[in-house]
Amino acid sequence: MKTDVLLGLQWGDEGKGKVVDVLTPKYDVVARFQGGPNAGHSLEFDDVEIVLHTVPSGIFHKNIVNVIGNGVVIDPGILKGELEKLKQLGVEASGQLMISKKAHLILPTHRIIDAASEAAKGKSKIGSTLKGIGPAYMDKTGRNGLRVGEILESDFKERYEQLKRKHIEFLRQFDYEYTIEEEGFFAGVEWMKRFRFVDSEFYINRALNENKHILAEGAQGTLLDVDFGTYPFVTSSNTICAGACTGLGLAPRRIGEVYGIFKAYCTRVGSGPFPTELTEDTGEKLRSIGHEYGSTTGRPRRTGWLDLVALKYSVMINGVTRLIMTKSDVLDTFDSIKLATAYEINGKETAEFPYELNEAVKPVYKEMKGWNTPISDIRDYDKLPEELRLYVKFIETETGVPVDIVSVGPNRDQTIIRALRDYHD
Ligand code: GDP
Ligand code: IMO
Ligand code: MG
């Protein structure tokens with residue numbers, strides 16, 4: 001058996017949480033492989049509306065195991081808050097949640113370092129969610145980090161203090177005032193002990209050998225990948241398909257389907273280049289209809305047309321086998337819709353995503369007719385307006401990958417899974 005991977009093809013917030021929740025009944029295990037509480041994955045069904053940050057989006061389905069893999073960075077205080085909220089909704093996660101011993105911990109001082117370095121960058125700041133993600137991964141690769149497994153060691157507190165001292169020393173270079181709030185961290189650490197800490201690489205590989213179906217859930221998106229995204233305006237992990245291998249302990253040959261998810265348009269939260277960005281009325285219209293405000297920080301998201309140059313790049317990097325298009329309904333009231341099919345750079349046209357997306361990069365657009373009709377109540381692909389089906393067809397032709405799922409609203413039910421495809425072969 002192989003692991004299917006679902007990941008974002010843009011700058012995050014493509015609707016991963018919603019679609020993982022929809023697909024979970026087809027799986028036995030859902031596993032997060034990178035990122036941390038910078039992620040905000042929204043789920044909506046019945047009366048429930050929730051944003052998950054660290055917990056995989058399969059958690060609302062009974063008898064499904066949810067794994068937080070070694071590639072994830074965990075803030076124990078945030079995780080505790082998340083699980084308490086789940087409990088209020090009737091989900092007692094302790095039986096179905098497993099946490100890798102090798103996942104790294106985000107310390108309160110990591111968050112302070114994040115804030116201090118962003119403040120020092122001034123105008124060139126990344127626009128980080130300030131959850132301590134970058135500093136925690138820096139300690140991981142710098143071989144200073146603390147791992148979940150260490151929580152169980154008798155000298156955990158000493159190890160913590162040692163790293164904290166290093167952080168305080170590091171913070172001296174900044175003109176930044178701070179207080180270290182540790183209460184939530186230690187309450188979270190104590191509380192985490194009730195969960196199963198596992199060697200998730202063994203758990204995952206054993207499950208595959210037992211013919212279990214696994215879905216790996218990405219966070220952020222390909223254009224925020226530390227290697228292939230719009231560096232330095234990226235996050236600090238590999239958000240791409242290869243990240244599922246390193247973040248779960250999976251061999252590359254054990255990857256099956258790669259679901260690439262994208263919005264019918266584009267958004268970005270935080271700084272960094274965005275060639276198809278719309279800064280005037282059309283951009284505001286997309287933001288307001290699409291409720292484009294960050295799930296984690298509440299910041300307004302920047303909006304723009306779909307960028308096929310970037311999408312094709314993401315399809316290539318991830319080896320996407322099936323596409324999922326979300327938020328199609330947000331375009332319901334547009335007379336015409338544009339897609340960037342190429343970039344013009346200093347008078348030359350290219351369909352290749354360049355090394356750097358600087359001011360010289362200008363999108364070349366194709367314009368298509370809008371459908372101007374509400375689609376959120378449609379459940380049958382063939383009943384979607386012809387203009388939308390042509391839009392999908394164009395994307396399929398350009399990328400060479402079928403669009404298998406079209407999402408027409410935030411609710412679990414507002415999903416069109418195109419018929420006749422078997423999701424496990
Ligand atoms: P994620 O980070 O990829 O899980 O995405 P987010 O949850 O941060 O952002 C996606 C937002 O769009 C959430 O508010 C979802 O409820 C919402 N959403 C997801 N799919 C659709 C859709 O097809 N239509 C509309 N209108 N909203 C959607
Ligand atoms: P999900 O999983 C959208 C962005 C931040 C910032 C940059 C670096 O919900 O799609 P970081 O906190 O990682 O140092 O921020 O990445 N960012 C996201 N944008 N969705 C996310 O996650 C994001 N996680 C980080 O806004 O520009
Ligand atoms: Mg999000």
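Which of the 20 residues around ligand 1 come nearest? In this predicted model, they are Lys16, Ser42, Ser295, Asp329 and Ser407, where a residue counts as near if one of its heavy atoms lies within 4 Å of the molecule. Residues are numbered from 1 along each chain as its sequence is written, and chains are lettered from A and ligands numbered from 1 in the order in which they are written. Because the model is predicted, local features need pLDDT of at least 70 and side-chain atom pairs count only at pLDDT 80 or more, while totals for chains, interfaces and linings use all residues; side-chain values use heavy atoms, with hydrogens and water left out.

A backbone N or O atom of Lys16 lies 2.7 Å from an oxygen atom of the ligand. The backbone of Gly40 also takes part, with a polar atom 2.8 Å from an oxygen atom of ligand 1. Arg301 uses its side chain instead, placing a polar atom 3.3 Å from a ligand oxygen. Taken alone, ligand 1 exposes 580 Å², and the protein buries 91% of that. Such accessible areas come from the Shrake-Rupley method with a 1.4 Å probe, and for residues only the protein chains shown count as cover.

Turning to ligand 2, there are again 20 residues around it, and Asp13, Lys16, His41, Thr129 and Thr235 come nearest. A polar side-chain atom of Thr235 lies 2.6 Å from a ligand oxygen, and a polar backbone atom of Val269 is 3.0 Å from one. On its own ligand 2 has 550 Å² of accessible area, of which the protein covers 97%.

Lys16, listed for both ligands, belongs to helix α1 (residues 16-23). Helices (H or I, at least four residues) and strands (E, at least two) are DSSP runs, numbered from the N terminus. In α1, 8 of the 8 residues are buried, so the helix is largely enclosed by the rest of the structure. Buried means under 20% relative accessible area, exposed over 50%, and partly exposed in between (1.4 Å probe, protein chains only). Among the buried residues of α1 are Gly17, Asp21 and Leu23.

What about charged side chains? Side chains of opposite charge can pair when their charged atoms come close. A search of the whole structure finds 28 salt bridges, each being a side-chain nitrogen of Lys or Arg within 4 Å of a carboxyl oxygen of Asp or Glu. Asp13, Lys263, Glu292, Arg301 and Lys327 are linked in a network of such bridges. Glu284 pairs with Arg287, their closest N and O atoms being 2.5 Å apart. Both lie in helix α9 (residues 281-289), 3 residues apart, about one turn of the helix. An α-helix has 3.6 residues a turn, so residues three or four places apart point the same way. Glu284 is partly exposed at 39% relative accessible area, whereas Arg287 is buried at 15%.

Another pair is Asp380 and Lys383, whose side chains meet at 3.7 Å, N to O. Here Asp380 is partly exposed at 34% and Lys383 is exposed at 60%. Arg418 and Glu396 form a salt bridge at 3.1 Å. Arg418 lies in the segment after β20 (415-417) and Glu396 in helix α11 (residues 386-399), so the pair ties together parts that are 22 residues apart in sequence. Arg418 is buried at 19% relative accessibility, and Glu396 is buried at 14%.

Asp307, in strand β14 (residues 306-307), is buried yet has no salt bridge. The nearest side chain of opposite charge, Lys312, is 8.9 Å away; Lys and Arg count as positive and Asp and Glu as negative, while His and the chain ends are not counted. Contact means heavy atoms within 4.5 Å, and beyond four places in sequence Asp307 touches Cys266, Pro275, Thr276, Ala340 and Tyr343.

Finally, Ile375 lies in the loop between β18 (361-369) and α11, and at 0% relative accessibility Ile375 is buried. Leaving aside neighbours within four places in sequence, its contacts include Ser328, Asp329, Leu384 and Val408.

Technical notes: A polar contact is a pair of N or O atoms within 3.5 Å; within protein, one must be able to donate a hydrogen and the other to accept it, and residues adjacent in sequence count only if both atoms are side-chain atoms.
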